[in-house]
Amino acid sequence: MKFTGTIWRPPYEASSMLLEVTAGCTHHKCKFCTLYNDLPFKFRMSPMEDIECDLQEVADTLKQWHGFRFDRAFLTGANPFVLKTERLLAITELIRKYVPTVQTIGCFARVTDITLKSDSDLTALAQAGFDGLTIGIETGDNGALDFMNKGYRAADIVEQCARLDSAGIRYNFFYLVGISGVGRGEISAKATAAVCNQLHPQLIGANMLTIYPDSELYQEIQRGNWQEESEVEKYREIRTLIERLDIPTQFAALGASNAFQLHGTLPQDKAALVAAIDQIIDRVGEEKLRDYRKNLRHL
């Protein structure tokens, strides 16, 4: 199968069939992001013939893996949901042709990708099996969204994800802990909880901001325009977010950026999650947490 560069997927898509339909990111302007710096281009769509060839390979392989099946496909790339609805539906038809056991299809999506879709587009995609999109909202703090060049604001998150709710497309959020900078962690957490509490994310996944020298954010730090939160402040930020969330959802901190793995169901596991965070702050402390961040070579 054809894959370009490093392939990123959420932890919960580990058992999904991975299918490359795009490579890179249409936006590619977020100051903190280095995920697609290894590509010689900004964004590329896979030719339909390549997609069909990969699916044929999957079908041939499954014939040899007696009893194994894929129930879900995950389309790779930073934001495949940006593709026109007609192309996404054509890809869906190919998936069903070659791997008919697939019931649902997920991918990463930007808030701005949803904006490009009409309500009827979203309904058609839901009926075709698109479900469980992963959206990196990062934060509900407009100041941080503007500074980091995310290309949308908190009100856009609410408006566009409410349209997904109406269409019947479920979704998961990625929250970037530390994106608002030193002294603003609680501001980010409270603003993000206010956004999430208006919506219905299946899961809110927390990822710790890790700054690499090849990011634009690193240059902003060198110029004195931004300061990173301490590791303890990041955990206090997560604590505030969990405390402020009043919707039923899953909360998870499972990626490599997190020194400690956290997972629970809200609201019933709220107290246990807060207690676990308090133990990390009290018993581990800034020095050891900072050592983890410094030694994290790659996300």
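**Exercise 1.** With which residue does Arg 170 form a salt bridge, and how far apart are the closest N and O atoms?

Solution. The model is predicted, so local features need pLDDT of at least 70 and side-chain atom pairs count only at pLDDT 80 or more, whereas totals for chains, interfaces and linings use all residues. Residues are numbered from 1 along each chain as its sequence is written, and side-chain values use heavy atoms, with hydrogens and water left out.

Step 1. Apply the criterion: a salt bridge is a side-chain nitrogen of Lys or Arg within 4 Å of a carboxyl oxygen of Asp or Glu. The partner of Arg 170 is Asp 131, and their closest N and O atoms are 2.5 Å apart.

Step 2. Place the residues on the chain, taking helices (H or I, at least four residues) and strands (E, at least two) as DSSP runs numbered from the N terminus. Arg 170 lies in the loop between helix H6 (154-167) and strand S7 (171-177), Asp 131 in the loop between helix H4 (119-128) and strand S6 (133-138); the pair, 39 residues apart, links distant parts of the chain.

Step 3. Assign burial (buried under 20% relative accessible area, exposed over 50%, partly exposed in between; 1.4 Å probe, protein chains only). Arg 170 is partly exposed at 46%, while Asp 131 is buried at 10%.

**Exercise 2.** Locate the salt bridge of Glu 231 with Arg 293 and the network that contains these residues.

Solution. Step 1. The closest N and O atoms of Glu 231 and Arg 293 are 3.0 Å apart.

Step 1. Salt bridges link Glu 228, Glu 231, Lys 234, Arg 290 and Arg 293 in a network.

**Exercise 3.** Why is strand S5 described as largely enclosed? Describe its pairing also.

Solution. Step 1. Strand S5 (residues 104-109) is largely enclosed by the rest of the structure because 5 of its 6 residues are buried.

Step 1. Strands pair if DSSP finds at least two bridges between them. S4 and S5 pair in the parallel sense over 4 bridges, and Leu 75 stands opposite Cys 107 in S5.

Step 2. S5 and S6 also run parallel, joined by 2 bridges, with Ala 109 opposite Ile 135 in S6.
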